[in-house]
Amino acid sequence: MNAPPSTQPPEHYRENAARTQKEKDMTRIAVIGLGIMGLPMAKNLVAAGHDVVGFNRSPEKAQTLAEAGGTAADSVADAVKGAEAIITMVPDSPDVRAVVEGDDGVFANADNGALWIDASTIRPDIAGELADAARNAGLRPLDAPVSGGEQGAVDGVLSIMVGGENADFEAAKDVLDVVGSTIVHVGPSGSGQTVKAANQLIVAGNIELLAEAVVFLEAYGVDTDAALKVLGGGLAGSKVLDQKGQKMLDRNFDPGFRLALHNKDMGIVTAAAREAGVTIPLGGLVAQLVSALVARGDGGLDHSGLFKLAQDLSGTDQK
């Protein structure tokens, strides 16, 4: 007696169906700006199974993404064509304008209905202005600056504060979930940048006070490793202490987040505070200290390099 015909489709049909489903699940994402933060974010998106196309002004960074399984594009226009989501991660407001405006920019070349997620840290008013321009171009804009530094980007655990329409935020969650662990919709367009400005204010203040504390401890010959361990377990504990304390003890200021960028961010928050009529006296002082380090040529150091200025002002010897 012959065996009944199999109800299972042939193997190659099953393989094709699985491949088709994978392609449906995969999102085509363009990442513009593959620096300290953008490149690991793009790599994580590749690892999550997305089709990632990257562009960077320095072509070798795009090539690094290609070696990780992504695709290198020769221009912004080439990167964004056909993309369902576009992430921009560039240093400042003028840099965002440069990649989204003009004939070769995001707005002129992205598909209608694509999500534009700006993960850069820029002025809130500029974020709102560009969001309006993006909507006029048929895109769905979100300002989504991130916090967590290079290691947070590598580990995919960034904190992401998102401004924009709630429906667009929900549509972007599958992308944002890959690169972040704390992802919060904080309000309309520009709100993400406002929250990020507050974040940078808090971080700079914490770094400066940590630097002063280490100088103080060293002046008394305290075992600083032990001191930071016990301080980290109490109310003085923070991610800043955890991530920056050892860098200060080691005098290792290799950049995870450069002082030059934090200087730009402190300019954003002090200007925004002035516009709102808000007084931030401690923030203003720390902004001046950051600016002083940049002015003397230390802008390429990690922002924990505030420790160097704390030492100089105290007249203590550097190791």
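In which handedness of crossing does helix 10 pass helix 12? Helix 10 passes helix 12 in a right-handed crossing; a crossing counts as right-handed if the near helix is turned clockwise from the far one by less than a right angle, and left-handed if anticlockwise. The model is predicted, so local features need pLDDT of at least 70 and side-chain atom pairs count only at pLDDT 80 or more, while totals for chains, interfaces and linings use all residues. Residues are numbered from 1 along each chain as its sequence is written, and side-chain values use heavy atoms, without hydrogens and water. Helices (H or I, at least four residues) and strands (E, at least two) are DSSP runs, numbered from the N terminus.

**Helix 10 and helix 12**

- Helix 10 (residues 191–219) and helix 12 (residues 239–250) pack at about 45°, with their axes 10 Å apart.
- The two helices are therefore oblique to each other (under 35 degrees is roughly parallel, over 145 roughly antiparallel, 65 to 115 roughly perpendicular, and the rest oblique).
- Contact (heavy atoms within 4.5 Å) involves residues of helix 10 including Val-203, Ile-207 and Leu-210, and residues of helix 12 including Val-240, Leu-241 and Met-248.
- The residues of this contact divide into 9 nonpolar, 2 polar and 2 charged. Ala, Val, Leu, Ile, Met, Phe, Trp, Tyr, Cys and Pro count as nonpolar, Asp, Glu, Lys and Arg as charged, and the others, Gly among them, as polar.

**Helix 15**

- Leu-306, Phe-307, Lys-308, Leu-309, Ala-310 and Gln-311 of helix 15 (residues 306–314) are buried (under 20% relative accessible area; exposed is over 50%, partly exposed in between, with a 1.4 Å probe and protein chains only).
- These buried residues pack against helix 10, helix 12, helix 13 (259–276) and helix 14 (281–298).

**Strand 1 and Thr-27**

- Thr-27 sits in the loop between helix 1 (11–25) and strand 1 (28–32).
- Thr-27 counts as buried because its relative accessibility is 15%.
- Beyond its neighbours within four places in sequence, Thr-27 contacts His-50, Asp-51 and Glu-84.
- Strand 1 runs parallel to strand 2 (residues 51–55), joined by 5 bridges; two strands pair if DSSP finds at least two bridges between them.
- Arg-28 is opposite Asp-51 of strand 2.

**Asp-92**

- Asp-92 belongs to the loop between strand 4 (85–88) and helix 5 (93–100).
- With a relative accessible area of 23%, Asp-92 is partly exposed.
- Asp-92 and Asp-265 are 173 residues apart in sequence, and their C-alpha atoms are 8.8 Å apart.

Key: Axes are lines fitted to C-alpha atoms, for helices over the stretch in contact, and angles run from 0 to 180 degrees between N-to-C directions.
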